[in-house]
Amino acid sequence: MQQSHERQEPAGPGPARTGPIPAGAASPGPTPAGAASPAPADAGPASPAHGGAASPAPAPARPARILVVDDDPTVAEVVTGYLDRAGYVVDRAGDGPAALARAAGNRPDLVVLDLMLPGMDGLEVCRRMRADSGPVPVIMLTARGDEDDRILGLEVGADDYVTKPFSPRELVLRVESVLRRTRPRADTGPLGAAGLTVDPAARRATKNGAELALTLREFDLLAFFLRHPGRAYGREDLMREVWGWDFGDLSTVTVHVRRLRGKVEDDPARPRLIQTVWGVGYRFDPSATDPSAAGPSAAGPAEREA
């Protein structure tokens with residue numbers, strides 16, 4: 001299915017530009033012309049000289065492998081070009097079956113997945129890929145205004161989404177943000193409260209000893225709540241702290257909180273751990289034992305939360 005390729009740059013890094021993306025155009029990458037590309041965030045520092053034989057430099061980090069799935073060759077070409085210039089290894093697929101075959105043959109570190117694919121749509125591709133290849137991070141590409149489709153994408157486990165027409169520069173930044181959060185934090189050990197445990201290094205979470213099947217963002221959201229019990233956070237705060245973005249659709253946070261409640265609460269309809277604080281946002285309260293103690297703020301409709 002062909003999509004419109006006119007894009008509008010959001011406020012953010014780089015100059016604002018509008019206009020159609022010409023097919024096969026050599027678009028500038030996210031790094032300014034002539035500037036050296038930044039080293040990967042997880043690459044070790046260069047060893048300093050100490051007069052004698054220099055210590056061997058640490059092995060360079062393996063470039064992340066990105067699978068771009070879009071049936072529009074122009075969109076796929078432009079996205080691939082930007083990701084390639086950013087230092088990623090990029091595979092491409094034009095439909096769902098090809099995407100599943102490529103993911104099975106060479107597991108990607110992240111998938112950029114168009115929602116509107118011929119035959120098998122992006123939602124089904126996401127479901128099958130997660131079942132076959134495990135919890136690979138997914139950024140969904142959706143058409144502007146299709147809020148229901150974006151919500152469905154998040155519900156099946158997409159970690160982020162970008163609406164068409166979009167800025168390839170913004171997409172690269174979102175890819176970097178998602179990949180950065182897949183790396184284990186070095187400043188914390190295992191976390192636990194109320195029967196929940198999170199091991200950031202192993203990317204493993206359990207409830208009463210049973211492993212939880214969490215997406216990347218659900219894991220990060222639960223870890224954030226466990227690090228900050230008893231404090232109320234607005235959706236804007238969670239978007240910034242968990243997603244790493246100062247702007248975005250706040251319904252993303254609402255959907256992920258609802259999904260996380262479905263996995264950690266004994267009764268998701270009457271949550272006691274992740275409570276809604278009306279007019280503010282959400283609070284993780286590991287001391288709450290009675291669902292009724294949270295009051296009406298814990299069970300309101302999702303669209304009215306915060």
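1. At a relative accessibility of 4%, D70 counts as buried, where buried stands for under 20% relative accessible area, exposed for over 50% and partly exposed for what lies in between, with a 1.4 Å probe and protein chains only. D70 sits in the loop between β3 and α1; helices (H or I, at least four residues) and strands (E, at least two) are DSSP runs numbered from the N terminus.

2. A word on the basis of these values: this is a predicted model, in which local features need a pLDDT of at least 70 and side-chain atom pairs count only at pLDDT 80 or more, while totals for chains, interfaces and linings use all residues. Residues are numbered from 1 along each chain as its sequence is written, and side-chain values use heavy atoms, with hydrogens and water left out.

3. On confidence, the protein averages a pLDDT of 75, and 68% of the residues score at least 70; pLDDT is the predictor's confidence in each residue, from 0 to 100. Over residues 1–59 the pLDDT stays under 50, and for this stretch the model has 84 contacts beyond four places in sequence, a contact being heavy atoms within 4.5 Å. The pLDDT also stays under 50 over residues 290–306, for which the model has 29 such contacts. Where pLDDT is low, the predicted coordinates should not be read in detail.

4. Which residues surround D70, once its neighbours within four places in sequence are left aside? D70 is in contact with V75, A76, A93, G94, D114, L117, L141 and K164. With K164 there is a polar contact between the side chains, at 3.0 Å; the term denotes a pair of N or O atoms within 3.5 Å, where within protein one must be able to donate a hydrogen and the other to accept it, and residues adjacent in sequence count only if both atoms are side-chain atoms.

5. The side chains of K164 and D70 also meet in a salt bridge, with 3.0 Å from N to O, the criterion being a side-chain nitrogen of Lys or Arg within 4 Å of a carboxyl oxygen of Asp or Glu. This pair links distant parts of the chain, since K164 belongs to strand β7 (residues 160–164) and D70 to the loop between β3 (65–69) and α1, 94 residues apart.

6. A search of the whole structure finds 14 salt bridges. Side chains of opposite charge can pair when their charged atoms come close. One of the bridges joins the side chains of E124 and R127 (3.4 Å, N to O), both of which lie in helix α3 (residues 122–133), 3 residues apart, or about one turn of the helix. An α-helix has 3.6 residues a turn, so residues three or four places apart point the same way. E124 is partly exposed, at a relative accessible area of 25%, and R127 is partly exposed at 42%.

7. Another salt bridge brings together the side chains of K263 and E218, at 2.7 Å from N to O. K263 lies in helix α8 (residues 251–264) and E218 in helix α6 (residues 216–227), so the pair ties together parts that are 45 residues apart in sequence. K263 is partly exposed, with a relative accessible area of 25%, whereas E218 is buried, at 0%. Elsewhere, salt bridges that share partners join D70, D114 and K164 into one network.

8. In helix α2 (residues 96–105), the buried residues are G96, A99, L100 and A103. Seen down the axis of α2, these buried residues fall within an arc of 95°, so they line one face of the helix; the arc is that of the directions from the helix axis to the C-beta atoms. The face turned away from this buried side carries the exposed residues A101 and G105. At the start of α2, a side-chain oxygen of D95 reaches to within 2.9 Å of the backbone nitrogen of A98.

9. Four strands form an open sheet in the order β8-β9-β10-β11, with antiparallel pairing, two strands being paired if DSSP finds at least two bridges between them. The edge strands are β8 (191–193) and β11 (210–211), each of which pairs on one side only. Between β8 and strand β9 (residues 196–199), which run antiparallel, there are 3 bridges, and A193 stands opposite L196 in β9.

10. Finally, R85 lies in helix α1 (residues 73–85) and is partly exposed, with a relative accessible area of 37%. The C-alpha atoms of R85 and V172 are separated by 9.9 Å, although the two residues are 87 residues apart along the chain.
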